[in-house]
Amino acid sequence: MSELREQVPEVPLDWYFEHLLPPLPAGIDTEDIVTSLKESGVITNNKWAAIVEHPRLDKRHEDDVYAGLEKIFEDIIAAGKTQNSDLEQQFALKLTPGVEATSERDSTTKPDGHFTSLEEAARLERAGEKPSVYNVWDSHEFKKDNEGVTHAMDKCVSQLVYDMQQIMALDPSRRFTFGTSIMNRSFRLWFCCRGAFLTAKPFDFISEPQKLVHVFISLAFASRTDAGWDPSMACILPASPTGKRQYKIRVGDKTYITTKMLSDNAADSPIGRATRVWLVRDEDGPSDSRYVLKDVWVDSERQTEDEIRSALLKDVEEKCGSDARAIVEKHLLTPVAFEKLHIGAIVDDTTQLIMRGGSMPKTLDHLKLIVLQQSGLSTRSQVSITENPVDNVFSGTRARYFRYGDTARHGPRVTSRFHYRIVFLECATTMYDEKHLGNVLGALTDVTEALRWIHKSHWVHRDISGGNVYWYDCKAKGLEGENRGLLGDLEFAKVRTPSPIHEVRTVRTYNFMASEVIAGCYLPPFAFNPLHDMESIWWILIYLLYFNDDKKNIAHVELADARASKALALFTQEGQTFVRQKLLQSYTELTVERTCLPLSFKFVIAIARAFAAKLHAGYRKFEANLTLVDERHFEIHDYLVKALELGRDNPQVNSIELVGVTRPQKRKIDDGESCCNDDTSNKKKARMN
């Protein structure tokens, strides 16, 4: 809820039906279905026979009060089939209150009900069976109280948002999902895709049966694609209970089979880029073939990574020559397949396809989401002490809305993103995982050399981190070629602007972001320059020194505690800018004694000190005359390459094997934290243990 900024847009119900809900099947007339339900006694005295008229006043538990929904659903579907006998039902409504949905990762989601396949619904009829997150869609949560009862509304909404977030985070084949919250007689629909999280105006499902008929018919006869599943991805179920799911994933005319998940933490955010990275093999290739596949949702105004790579290499060749292009190409990941995903003939896009081209209404309410604190409140509704029937189903709900026109808080209502995949040839080791200090310095040397020509071509990377600088050890893998450093994640690379501007904020990784860039996230105007890329290289080195020990010379407890305290100050978001700037500016204090780092790191600390001195001098020269950019201030690469080479070629440094140390625990240090408003980062988690 915090990531959603504690609010969601509330769209008109008609708009939701038109642009989000799966379309009604041909030959269905909801008004006629309601008439037939009245004739058959499913609806009597203007209410559903299977549910009490005022759930709030019923003294039974809510699970029992709403149990009749399954019967109502079945009656509606039966009536629909009489209108069109050719209809094939795909999904059924199952109520499973209090039962935890299973998954391969830790999850405590317990939807009160959900839609699922007919096969899965039949399985759940058996005693003791639990639903699977991978088969759940349109999660339901029930409360007997009205939406105006604050604590009940907060509980209901928080549970439902969590249910939907878990589906999007745990199942890589989901493009979007639905949700339903029912409070007393209020029936509220929800929707989440990688570009939006929103809700619809609620309706009274007791007195407005035609709307409920519309919803249930649409969901029961929807295709898997209209229900949110990705038709270009198929799950391979594990052969044993302890096995892991694999996926067949199509990219262009190729199909790849996943063998290992490399990174998926960015998908935890309910909206955003949702980057997932797998180790894969070519389905039609040798069984030992290995590639890396990245699946991501890209902002629609941006180029794809393969397009950016091609444009970058073209500019390097035009400005610096073919030799420079060869150097840069050698140290970039090599794409072997890539595709903007299509559903049919249309690009898989959050607005044009998933939301069926719908423009959000110009004036919308925004529903407040309350981030719950730990309390003794039950997650189940209490019996109402009110004796009067609740005729005004939505009473008190108005207080939960923000004012119209509060754009500073509302922000973008919908972000248009398209679905994109790219497959790389090299399966390399990130700086997080590389355990030989000599290889770390080798990778930083090679990437710095590539950046020399990238920067001379007036490009900047803007997102260098420990998760996209790699060491590619060909010889260890039995492959031909030269061991070398590689640079990835070109999504935010661009031709740099010549002077400070109000630059659009990008998703970047805090722990490796230049201090001035962090400040620039809040203090415009600001323009990214080559020194910022180089400072990110420096921060990778500092990070690895602070979060690793020399395996042969483990630090004493006192030294480790002092180092952890310094790391906490440098690599957490709070107050980060000042502390990081101070370290860079006071580079003479980069010594073994001052840093509390192991004595065996002394040579590398000296390299870091020299690196910082050169960076600091470059910043001072650049800032001395911001109105006239002198490119010579950025030309520090030659010096830095030579400094890093000294470490790479030093026998003592090459003998150091790194072993991860425990991170400081004041707060979670998330390498995916972002200073921007539109997304959470897609960066790889540090795996330091």
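This is a predicted model: local features need pLDDT of at least 70, side-chain atom pairs count only at pLDDT 80 or more; totals for chains, interfaces and linings use all residues.
Me: Which residue forms a salt bridge with Asp348, and is Asp348 buried or exposed?
Reply: Happy to walk through it. At 0% relative accessibility, Asp348 counts as buried. Asp348 sits in the loop between S18 and S19, and its partner is 173 residues apart, in the loop between helix H6 (150–170) and strand S7 (176–183). The closest N and O atoms are 2.9 Å apart, and the partner is Arg175.

Me: What is the nearest side chain of opposite charge to Asp349, and how far away is it?
Reply: Asp349 lies in the loop between strand S18 (346–347) and strand S19 (365–368). Its side chain has a polar contact of 3.1 Å with that of Ser416. A salt bridge needs nitrogen and oxygen within 4 Å. Asp349 is buried but has no such bridge, as the nearest side chain of opposite charge is Lys340, at 8.0 Å.

Me: How far apart in sequence are the parts that Lys94 and Glu125 tie together?
Reply: The two side chains meet in a salt bridge of 2.2 Å, N to O. Lys94 counts as buried at 7% relative accessibility, whereas Glu125 counts as exposed at 55%. Lys94 is in strand S4 (residues 91–95) and Glu125 is in the loop between helix H5 (118–124) and strand S6 (137–143), so the parts tied together are 31 residues apart.

How values were computed. Residues are numbered from 1 along each chain as its sequence is written. Side-chain values use heavy atoms; hydrogens and water are left out. Helices (H or I, at least four residues) and strands (E, at least two) are DSSP runs, numbered from the N terminus. Buried means under 20% relative accessible area, exposed over 50%, partly exposed in between (1.4 Å probe, protein chains only). Lys and Arg count as positive and Asp and Glu as negative; His and the chain ends are not counted. A polar contact is a pair of N or O atoms within 3.5 Å; within protein, one must be able to donate a hydrogen and the other to accept it, and residues adjacent in sequence count only if both atoms are side-chain atoms.
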